[in-house]
Every structure is written in C-alpha cells, then in structure tokens.
Amino acid sequence: MGLNLHNSLTRRTDEFKPLKEGQVGIYVCGPTVYGHAHLGHAKSYVSFDVLVRYLRYLGYSVTYIQNITDVGHLTDDADAGEDKLVVAAKKEKKHPMALAEYYTRSYFEDMDKLNCVRPDISPRASGHIVEQIELVKILLDKGYAYEVNGSVYFDVSKFKDYGKLSGRNIEEMQAGARVEVSPDKKNPADFALWKKAEPNHIMQWPSPWGVGFPGWHLECSVMSMKYLGKTIDIHGGGMENKFPHHECEIAQSEAANDAQFVRYWLHNNMVTVDGQKMGKSLNNFITLKQAFANSPEPKHDKLSRKYDPLAVRQLILTSHYRSPIDFSDAALTAAQSGYDKIAGTVITVRGKESRAPKGLLDTNVKDEIARLKAKFETAMNDDLNTSVALSVMFDLVRLAAKLLEDSGTTKETFVAVDSSFKKLGGDVLGIVKDQYEQTSGSDEKIIDSLVKGFIEQRADARNRKDFAMADAIRNKLIDMGIILEDKPGQTVWRMK
C-alpha cells in the first residue's frame, strides 16, 4: 500500500501521487513572528515535519518551503485593524523589523529543540514585495481585482470556485459579514490584496496604487509559485487557516494562473490546555520556552515542571495530526516518562554493541524487526498515523529488554535493533537522537527508567506465576550491581 493522505479539498483520503515522479514540493504556512512560538506552533510544525521526514524515508526528493510572515497579517482577518507585527512593536518599543528578527531567531531555536528539520527555503513576506505587486497587477488586468482609494481588493464574485476548500458560499459569507465591513469593498466577502498605508504606518512600500503594504493572503501564493511553480503537490497549515487564508490563496492563485494551485491540502487540528481551547484571552497560552527544560524563561504556572523538548514532540505524536490534542501537565509527564524509557533503552543498546559477542544476527529478531517495520509503515501510510507508529517504538523497547537479559545476544543483533530505532524513531518520528549527552543527572534518570522497566517485567512474570522468569530478571539485575527490595505495594531498587 502506498502513502494515503486526507485531502481537505476532496474531503477524502487519497493516494498520494506527486506531480513529478520522485519529487515532492511542500509549502507550509509559517509563523507570524510577533511573539515566541507556543504549543500550537509545536503541534503544527511537528506534524508537517513528520510528513517531510516520512516522504524522504520513502525515497522522495522533497523541497520544503515554510514562510515567515513579517508584514501584512492584520489583527482582524476581515481586512481591518493594524498589522500584528506593528502592534507588538509598539508595545515592546522596537522597530517592527527588529522585532521580526528577534522572534524569527526565537522560533527557529525552538523548532531546533523540537528536532524539526529546517525548511529548504524560509522566504519572508517583506522580501517578496515586488512579486506581490506583480501578482496584483495580473489580477487587475484579468478583471479579478479592483482598486479603491489606494487599496486593491479581490472580487470573489468573479471567481466561481470561491469556497470550494472551506465549503462556504458567497451568500453565506455576505450574510455573516460584520456590519463594519469596509465601504470600499464591492462585496463584504472581498479580500484585500494591497492596503493603503496611513502616513504614520511604519511598514510601507511604493506601488502603482500609492504607498501601502500587501494583504496577508498574497504572500503565500507568491512565494509558493516562485519556489515550487504554479501547481504544488502539498500545502499544509492549521485548520483555523482553511478560511479565510487558504480559500483566498486558492482564489488569487488560480485566477492568475488558470491552473490548479494545490493538489493535496493538509490541515492539522487545534491544541487545548486542560480541555479548553488554548488562547491568550483564556490565560492558558503556553510558550515553548515556558515548557522546555533548560530554557531561561520561567515555567508556566499550569505546569509543575519543565520538560525535555523531545518529550513535548512525543506527546504530539501520540495523537493524529487531524485530531485535537490536550497539553495537560499530566499528559506531558506521561510523555516524558515514555520518552525517557525509549532514550534509556537506546543508550543501553548502544552501550552493549561494543561489549556483546560477535556472531550472526538472530533470525527470530530479524523477523520481528521486519514485522515491526511493516507495522510502522502501514500506520504511516494510513494518513500519517503516528500514534500507532509510536507504539512500534515501545514494541522495540520490549524486544530490546529481552535481548539485554540474554548474555548471548550478539553484537550484530544489537546493531540491527539500534538501526531500527534510528530509522523509524530517528529519521521519521524524530524522537531518537544520533547521540545523547551523558551527564550524571541524565544517567541517573535513564538508569532509573530502565530498572523500573525490568521491575514491571518481573511483576508481570510473577502475576503470570512464571517465577523462573521473575528470578532470572532479579538475578540479572544483581549481576549488574542492582538490588531489588520487595516492600508492601511496591518494589524499590538500590545499587550494591
């Protein structure tokens, strides 16, 4: 079975076939850089990072574009209000571009910690003003746009397919339009391509219609066309951007080019915190710097501690990208425990590789690895089912635990297990590192996680009345210098 993806445009799960064989062009809406990245950003960009990683795992040559919005995103999606960057710049008493530079660096710093691969190109809206003006000219010449008092609007009544992505029609949009809609618009649903700048507006550029700045929707059409062509394979973004942003992208792009804009639209779902939709107005907005361990930012008051960035990534992978995810403190704690177990197992396996006896790869292990690889790929081919793919990592953990108990396990067998962790957990899921830093604190945490895993296996064996296995586990730990002590309701451990 090949890769199947849920296409928001067709509203069904379609087999993925790129425009050019062996090559994939992906455009993902990047951040508007007026504040630090938050958990919602993590949900979106980890989801699309896994898509890019898996396509490369399948052998595709991928060109990944993710823009930086540093101008044009207004505080009101109905083409009113101020540019979000300008508002934040006034608040922080900085030039808007200085603010954009600061938060762009902050964003990539956080994405690096989440182990997201860097986009091949990260174009900025402010660096493509000329191209945006040229697209507006084309739309005016073709009769899809009109100019009023220095602003230019797209006439949605001229584009018969407007609403095909979101499922809305123009009549519904007009009925639901705000009373304060701009009097310059012919229709309430029309959207701004170019906005006239007031004299005190800091971010402005000369154009054939006077000094102004581009509308938010324009930039993504221009930058995707420039780097990927008139028709692109995959466009990704948050579900909240389906309307108006992505709907407007389709209209202006297809009107200008007379060609399909995007073949597969992918949308990730929202983030909640303790069951409530995350938002600044609810005071439950958590930045990544507030959640990440070793970050100078104080932790958020909804969190009892800070977490390893890859534990945050692992939590995201426990849910489907099209499903909402709840970032509760308990969920993060569970994800951290799971991440520690995987990391600890990988470290132990790698440590055993150099000390294990040489010999052939165990055929039973080879068959089990093949079965787990097939299970992993089946899950990922089913619209990127990362929760099942992640369960394969714990299957590998259990397999490794059994091999670690056997003093006869060969080096080649450990190498094969490690290779599976690297390819599936590292190359695709991005939660297994090529190298782990070794500090006394992390060593203690890893050892504790591993020993607790053995304690769980021993308890399971005792519940099954397999006392020979339970004794074998205890004796193996004694050989490693670890003593188990059974106490009422629990088993604790200590070093010899």
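A polar contact is a pair of N or O atoms within 3.5 Å. The views below come from a predicted model.

View 1. S47 belongs to helix 1, which covers residues 39-57. The side chain of S47 reaches the backbone oxygen of K43 at 2.6 Å. With a relative accessibility of 11%, S47 counts as buried, because buried means under 20% relative accessible area. When neighbours within four places in sequence are left aside, the residues in contact with S47 are A42, N268, I316 and Y321.

View 2. The buried residues are P309, L310, A311, V312, R313, Q314, L315, I316 and L317. I316, one of these buried residues, is also a contact of S47 from View 1. The elements that cover the buried residues of helix 9 include helix 1, helix 3 (96-113) and strand 15 (325-326). Helix 10 (329-353), helix 12 (386-405) and helix 13 (411-428) are also among them.

**View 3. The N-terminal end of helix 9.** This end of the helix is capped by D308. A side-chain oxygen of D308 lies 2.8 Å from the backbone nitrogen of L310. L310 is itself one of the buried residues of helix 9.

View 4. The strands follow the order 7-8-9-10, and their pairing is antiparallel. Strand 7 (145-148) and strand 10 (212-214) stand at the edges; each has a single partner strand, so one side of each is left without a neighbour in the sheet. On average, neighbouring strands of this sheet are turned by 20 degrees against each other, direction ignored.

**View 5. The pairing of strand 7 with strand 8.** Strand 8 is made up of residues 151-154, and strand 7 pairs with strand 8 in the antiparallel sense. The pairing runs over 4 bridges. For V148, the bridge partner in strand 8 is S151.

View 6. E254 is found in helix 7, which covers residues 242-257. The relative accessible area of E254 is 11%, and this residue is buried. Not counting residues up to four places away in sequence, E254 touches F159, K164, A259, Q260 and F261.

Notes: Residues are numbered from 1 along each chain as its sequence is written. This is a predicted model: local features need pLDDT of at least 70, side-chain atom pairs count only at pLDDT 80 or more; totals for chains, interfaces and linings use all residues. Side-chain values use heavy atoms; hydrogens and water are left out. Two strands pair if DSSP finds at least two bridges between them. Helices (H or I, at least four residues) and strands (E, at least two) are DSSP runs, numbered from the N terminus. Axes are lines fitted to C-alpha atoms, for helices over the stretch in contact, and angles run from 0 to 180 degrees between N-to-C directions. Buried means under 20% relative accessible area, exposed over 50%, partly exposed in between (1.4 Å probe, protein chains only). Contact means heavy atoms within 4.5 Å. A polar contact is a pair of N or O atoms within 3.5 Å; within protein, one must be able to donate a hydrogen and the other to accept it, and residues adjacent in sequence count only if both atoms are side-chain atoms.
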